[in-house]
Amino acid sequence: MRRAVTRKAEGATEWGRRRLLGILVAAVVVAALLLGGLGCAVYLAIAGIGGEASANIGVATGETDRSTVAQGAAHRDEIAAEPMLSVPESAAFPAETISSEAPAIKIPAGSGVNGPAFVMTGFPHTPEGAIGQLAQIELAVLQSMSLTTAAEVYNAWALPGGVRAEEWWITASVRAFLTSTGMGEVKDPSSSVSLEPAAALVKGTDGPDWTTVCVLMKVTASYKQEGQIAFAHCERMQWVGARWMVAPGAPPAPAPATWPGTQLAHEAGWRTWSTDDTTDPDHIEGDH
């Protein structure tokens, strides 16, 4: 399984930062194409991946109203499918951040206790709690870069009625990364992938038990060289059995992968991630 990593054909060039970043971009793009099949491919073609950013009228840049009464499946489909700001691939690379402070969103810390598939749980029954839970689901899968882990996590945290585990956006990203690097089904021990939640937004809600939320991560990957890229992901989330789970239905429209803190990230509606320390169990215990 490691042969492709340790053996080099004659005349092959050394791994470089550009190649690593190219693989990370490919992972995101391939994931998008595999996720929604033809429908998503058409959306991406219209959005113009690789072209200029498009500030189209009517794109979703975050929730304007919190719905306290559920309106049903049709309304949820509208929220999930509403296009978001389309940006070029280059927007995901490290770039200069704007000096003015972007709006922040406070995300609860969670309980620190591992739930199903060893994913940290204990997030409250709020849209911000759904963001915190989604981030933990992403972290569990992407840091391991294992197809087996991706399937285990998805099956433990997704309700029936959505895509299959192998078609899930995150699984597709893992598969694209592993395939591009020739690593097999798990990442090579000499490589590492770390993620940091950097921004988030609530795209919309339908009553207290359903929301579509988005998370923007800073990804640092090391494989021969080190590279960084932004990774954006939206998911329908539903409150079931005292926890947020991935809700059924078609996956949301792709989120804009912009480097956190940039002007483009601000235009896309991303709000700077701020951990609500008052929800940390250690903080609460100390107060008492």
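1. The score pLDDT is the predictor's confidence in each residue, from 0 to 100. The mean pLDDT of this chain is 79, and 75% of its residues reach 70 or more.

2. This is a predicted model, in which local features need pLDDT of at least 70, side-chain atom pairs count only at pLDDT 80 or more, and totals for chains, interfaces and linings use all residues. Residues are numbered from 1 along each chain as its sequence is written, and side-chain values use heavy atoms, with hydrogens and water left out.

3. Helices (H or I, at least four residues) and strands (E, at least two) are DSSP runs, numbered from the N terminus. Confidence is lowest in helix α1 (residues 3-6), with a mean of 35, and highest in strand β5 (residues 243-246), at 98.

4. Over residues 1-15 pLDDT stays under 50; the model has 19 contacts (heavy atoms within 4.5 Å) beyond four places in sequence for them. Residues 29-55 also stay under 50, with 36 such contacts.

5. A salt bridge is a side-chain nitrogen of Lys or Arg within 4 Å of a carboxyl oxygen of Asp or Glu. The count comes to four. One of them joins Asp-77 to Arg-236, with the closest N and O atoms 2.7 Å apart. Asp-77 lies in helix α3 (residues 73-81) and Arg-236 in strand β4 (residues 225-240), so the pair ties together parts 159 residues apart in sequence.

6. Buried means under 20% relative accessible area, exposed over 50%, and partly exposed in between (1.4 Å probe, protein chains only). Arg-236 is buried at 5%, whereas Asp-77 is partly exposed at 38%.

7. Arg-164 forms salt bridges with Glu-166 (3.4 Å, N to O) and with Glu-167 (2.7 Å between the closest N and O atoms). Shared partners join Arg-164, Glu-166 and Glu-167 into one network.
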